[in-house]
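Biologist: I would like to go through this model feature by feature. Please give the general idea each time, then the case at hand.

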Amino acid sequence: MSQLRLTTTKYAAITLTNLQNQLAYVWEALNRAVFIVLIMFVFVQLWTAVYESQGVTEIAGLSLSATIWYLLIAETLELGKMRHDERISEEVKDGSVAYTLTRPYNYLAYHFFNGLGETAVKMFFIFLLGLPLVVYYAGWPTLSPAHALPVLLVGVLAVLLDFFAFSMIGLLAFVTEDTASFRLIYQKLVFILGGLMLPLDFLPDWLQPIARVLPFNLTTYAPAKLFVAFTWAQFWQIIALQIIWLSIFGLALWRQYRWAIRQLVVNGG
């Protein structure tokens, strides 16, 4: 019990330390988040023109207001994600990974809890800056308070699933050193099949079933869609898929980590 308490305290301290570092440079964090205002303004103008040109109030069951709110949540999740794969790549390039691997913590757990502090600050400011523009054009969201916790749970699992994906990309640096190309491919898959650029409901009928079972939509589309159009049936379907993909990614990550460590020893002689 005391060991569990010590471990919890250690990783909580890592998160709080990075959170304090982020808040110490709050203006820098705000400047990075300003980009969301430009993105949302473009999206509002684009989708307003689309709905007006079609002469409809709903497309695939989503009103214009719901679509605008969907895009704000999706962009908040995407722009606030952890980018620890870049740090892993840098650690491999400058050799500091030899020291970080021997420190008294789990290497990947350190990156997760260290990234939580940064992610919390980034998502807060991105949502805060995008909120006035979205409320002006789309009004307040219709999410019921009773559905807030289920949506939050899906959002937390989405962050964890995304962390697993970026960890697998980051560990490739143990062999390739540079992982920019792998990151680019993953991000483009999230853009299209993950629902970042537009909800999956707007994709062609033949593509929707494929996109819905792939993991990319569970990191972005799933929490955003539940935020604007919550149903318990879709919630349980999403939770089941998230648990399945977390199990698959978790097992793959565990095996890849053991393999990557051996490769790093060989490369270091």
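Modeller: Start with burial: a residue is buried under 20% relative accessible area, exposed over 50%, and partly exposed in between, using a 1.4 Å probe and protein chains only. Glu177, at 43% relative accessibility, therefore counts as partly exposed. The model is predicted, so local features need pLDDT of at least 70 and side-chain atom pairs count only at pLDDT 80 or more, while totals for chains, interfaces and linings use all residues. Residues are numbered from 1 along each chain as its sequence is written, and side-chain values use heavy atoms, with hydrogens and water left out.

Biologist: Where is Glu177 found?

Modeller: Helices (H or I, at least four residues) and strands (E, at least two) are DSSP runs, numbered from the N terminus. Glu177 is in the loop between helix H9 (173-176) and helix H10 (180-193). Its phi is near 70°, a positive value in a residue other than glycine.

Biologist: What is the phi of Ala60, and which strands flank its loop?

Modeller: Ala60 has phi near 55°, again positive in a non-glycine residue. The loop holding Ala60 runs between strand E1 (58-59) and strand E2 (62-63). Ala60 is partly exposed because its relative accessibility is 47%.

Biologist: How many residues does helix H1 have, and what span should they give?

Modeller: The expected span of a helix is 1.5 Å times one less than its number of residues. Helix H1 (residues 2-24) has 23 residues, so it should span 33 Å; the end C-alpha atoms are 32 Å apart, which agrees. The buried residues of H1 are Tyr11, Ile14, Thr15, Asn18 and Gln22.

Biologist: Is Met168 buried or exposed?

Modeller: Met168 counts as buried because its relative accessibility is 17%. Met168 belongs to helix H8 (residues 145-171). Contact means heavy atoms within 4.5 Å; leaving out residues up to four places away in sequence, Met168 touches Phe249, Ala252, Leu253 and Gln256. The C-alpha atoms of Met168 and Ala260 are 10.0 Å apart, although 92 residues separate the two along the chain.

Biologist: Which residues make the nonpolar surface patch?

Modeller: Patches take residues with over 30% relative accessible area and no salt bridge, joining like charges within 9 Å and nonpolar side chains (Val, Leu, Ile, Met, Phe, Trp, Tyr) within 5 Å. A salt bridge is a side-chain nitrogen of Lys or Arg within 4 Å of a carboxyl oxygen of Asp or Glu. Accessible areas come from the Shrake-Rupley method with a 1.4 Å probe; for residues, only the protein chains shown count as cover. Here Phe35, Leu38, Phe41, Val42, Tyr136 and Tyr137 make a nonpolar patch of about 660 Å². Helix H3 (35-54) and helix H7 (107-138) are the elements giving two or more residues to the patch. H3 gives the largest share, four residues.
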